[in-house]
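Reader: I have a model open and some labels to check. Please take me through them.

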Amino acid sequence: MNLTEFNQSDRWDHFSCPERSASPAVYILLYVCSAAVVLLTVCGNLHVIISVLHFKQLHTPTNMLLLSLAVSDFLVGALVMLPMFTWTIESCWIFDKGYCISFLMTIYILTSLSIYNIALIAVDRYLALSNPFLYLNTISKQTMSIVVFTTWSASLVYNISMCYFNGSFSSSVMCPGECVLILNEVLSVIDLIYSFIFPLSVIIILYTRVFMIAKKHATAIRELNNHTRPKTQKITSHSMKSERKAAKVLGILVSVFLVCLLPYFIYSLLGNVIDLQIDFFQKVLIMACLNSTINPVIYALFYPWFRRCVKLIITLQIFKKGSALINVLS
């Protein structure tokens, strides 16, 4: 996040982007597609937020983490995507320097929040499967709310501190038309460990454990089915299917997250080693932000409760008296 030195800062007032090479119709199509992605991201995550907040049946510790992830994804759609798509389509940064710093700071904060939300979900699922009795007795909605608040506060303080100590708020400025902040060598290593290596290690290790535990449970249930009545077999088979489905959804969520975010962190790692083009930086940002668009789609595809909630929200049934008590999990 150390900005390229540029002394003639008044050139921002006189700078203009290169003339467009594509036809107006192409630019209109690009902006329409960009607006559709922004709308899908904002509306999809807004449905998740409303669902978890409104329906009391969804007020669980795990869903507090899903709510935190949905809020960060919603902010990506509301604050980041539109200037990012504009920057990409116009092939240069058309806004001022101050907005560039705010834009990138928002990306850094929300990106670190996303990966730590995923890591917390991994911790939550591991504790719930490895020691369910301890989990039920110690993890409450209030406890998880404190964890979420602490995570958001830590991310905000960390990213502002990194930018401050890197000198990005004062001495260094960027060239007109560019919007890139690069950390110095020491802070780059710290950021790589904090924002990527540590949470990614937690995610991989714990989700590996989650799948091993789920497989162990499935094996135990299968053995139990061989010594029980058909009725009991039906119940346990349903339980085994639910565990497999839950593990599948978690695996898809994490896999999509890694595919979207991995290029961004590779760029962060190699940005100080080799001279990468600015359009590559734009592409990895788009990949990172599209994860916020995909998450609600994953919920819609694999969580029946989310589809029921969306239907209730769209039909305005949530405004009816007692709608918060509707059973959305059955």
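Reader: What makes Val80 a kink in α2?

Author: The bend there is about 45°, shortly before the proline Pro83. That bend is the angle between axes fitted to the seven residues ending at a residue and the seven starting there. This is a predicted model: local features need pLDDT of at least 70, side-chain atom pairs count only at pLDDT 80 or more, and totals for chains, interfaces and linings use all residues. Residues are numbered from 1 along each chain as its sequence is written, and side-chain values use heavy atoms, without hydrogens and water.

Reader: Why is α2 called largely enclosed?

Author: Because 23 of its 30 residues are buried. Buried means under 20% relative accessible area, exposed over 50%, partly exposed in between (1.4 Å probe, protein chains only).

Reader: Why is Asp124 paired with Arg125 as a salt bridge?

Author: Their closest N and O atoms are 3.0 Å apart. A salt bridge needs a side-chain nitrogen of Lys or Arg within 4 Å of a carboxyl oxygen of Asp or Glu, so the pair qualifies. The structure holds one salt bridge.

Reader: Is Asp124 buried or exposed?

Author: Buried, because its relative accessibility is 3%. Arg125, at 22%, therefore counts as partly exposed.

Key. Helix = DSSP H or I, 4+ residues; strand = E, 2+ residues; numbered from the N terminus.
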